Amino acid sequence: MRGHAAMLLFSVLVAGSFSLGALAANEIAPAALNAVRFAIAGVVIGIAALATTGIPSSALAAPWRYLVLGGLFATYFVLMFEGLKTAPPVSAAAVFTLTPLLSAGAGYLLLRQILTPRMALALTLGAAGALWVIFKADLAAFWSFEVGRGEAIYFVGVAAHAFYTPLIRKLNRGEPPVVFSFFTILGSLGLLVVWGWSDLWNTDWASMPPIVWVTILYVAIAASSVTFVLLQYATLRLPSSKVMAYTYLVPSWVILWELALGGASPPRLVFAGVALTVLALVLLLKDEQDGTKLI
């Protein structure tokens, strides 16, 4: 139950990053924004680790693990903000709901996790609902597969995120979630500084509009520090596909975030897709078994 509660909060916090991210995406280079957010997140979560479990030297064993995980997460966030330059927040959130289906495939490849029929049905319904939202309830656009550039870019990032989830379980060697998160964030930060050095150097930080700083602080503290720990906490207690099933709630939360920030409600037909994603979550949570088995 604690794992489920962690992912419920995760879905709320992640939703906010779509709405705020769309407002800031065209004001700053994604690599620069995310390098700063990971630096802030690293300080926050590092202090949390020192104040709670401490940082044992054993956590430094095989540091390549943090570069692999950090690289996947950095890829996800950079492509998310790149996609949000053109993709509407609700549509991008729908792309994010494809993560459970991709995560189930990654879970099989890495951990040999096999889906039950109920989970397979739920993932299929969730994917159908996501596609309905992505194509804005336009069947003609669906059949001609007219995917927006922003959605396509973000999909690549979502695929990276899908592999990140099962890799946490595979690469964790008993480190507490807060410690494992801290070193993963450092891995992300190091790679982003190298990759985005020119963006960091050329950004006029003094003239950034307030929404950029609001977004950086939100994604650094709420959508990075907190969600990093929540995700790793839940992943160590639930199967990968069930952990990421909570992403099905994100489009619903994004709609509420958009309304709270003064945005417009999406077309009514889009809500049918959102309803399917919520139904997928309900089906997964009704499964009393673990939902997967290891072979």
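1. Two packed helices are described by the angle between their axes and the distance between the axes. In this predicted model, helix H4 (residues 89–96) packs against helix H8 (residues 149–171) at an angle of about 35°, and their axes lie 9 Å apart. The crossing of H4 and H8 is right-handed. On the H4 side, Ser91, Ala92, Val95 and Phe96 make the contact. H8 contributes Glu151, Tyr154, Phe155, Val158 and His161.

2. The surface carries a nonpolar patch of about 360 Å², formed by Leu9, Val44, Leu217, Ile221 and Val226. Helix H11 (residues 210–235) supplies the largest share of this patch, with three residues.

3. Val44, one of the patch residues, is located in helix H2 (residues 30–51). Its relative accessibility is 34%, so Val44 counts as partly exposed. That class lies between the cut-offs of 20% for buried and 50% for exposed.

4. Most residues other than glycine have a negative phi. Ala62 sits in the loop between H2 and helix H3 (64–83).

5. Is Ala62 buried or exposed? Its relative accessible area is 17%, and buried means under 20%, so Ala62 is buried.

How values were computed. Residues numbered from 1 in each chain as written. Predicted model: local features only at pLDDT ≥ 70, side-chain atom pairs only at ≥ 80, totals over all residues. Heavy atoms only, no water. Patch = residues over 30% accessible without salt bridge, like charges linked within 9 Å, V, L, I, M, F, W, Y side chains within 5 Å. Areas by Shrake-Rupley, 256 points an atom, 1.4 Å probe, with all protein chains shown as cover. Salt bridge = Lys/Arg side-chain N within 4 Å of Asp/Glu carboxyl O. Helix = DSSP H or I, 4+ residues; strand = E, 2+ residues; numbered from the N terminus. Buried < 20%, exposed > 50% of the residue type's maximum accessible area, 1.4 Å probe, protein only. Axes fitted to C-alpha atoms, helices over the stretch in contact; angles between N-to-C directions. Left-handed = near helix turned anticlockwise from the far one by under 90°. Contact = heavy atoms within 4.5 Å.
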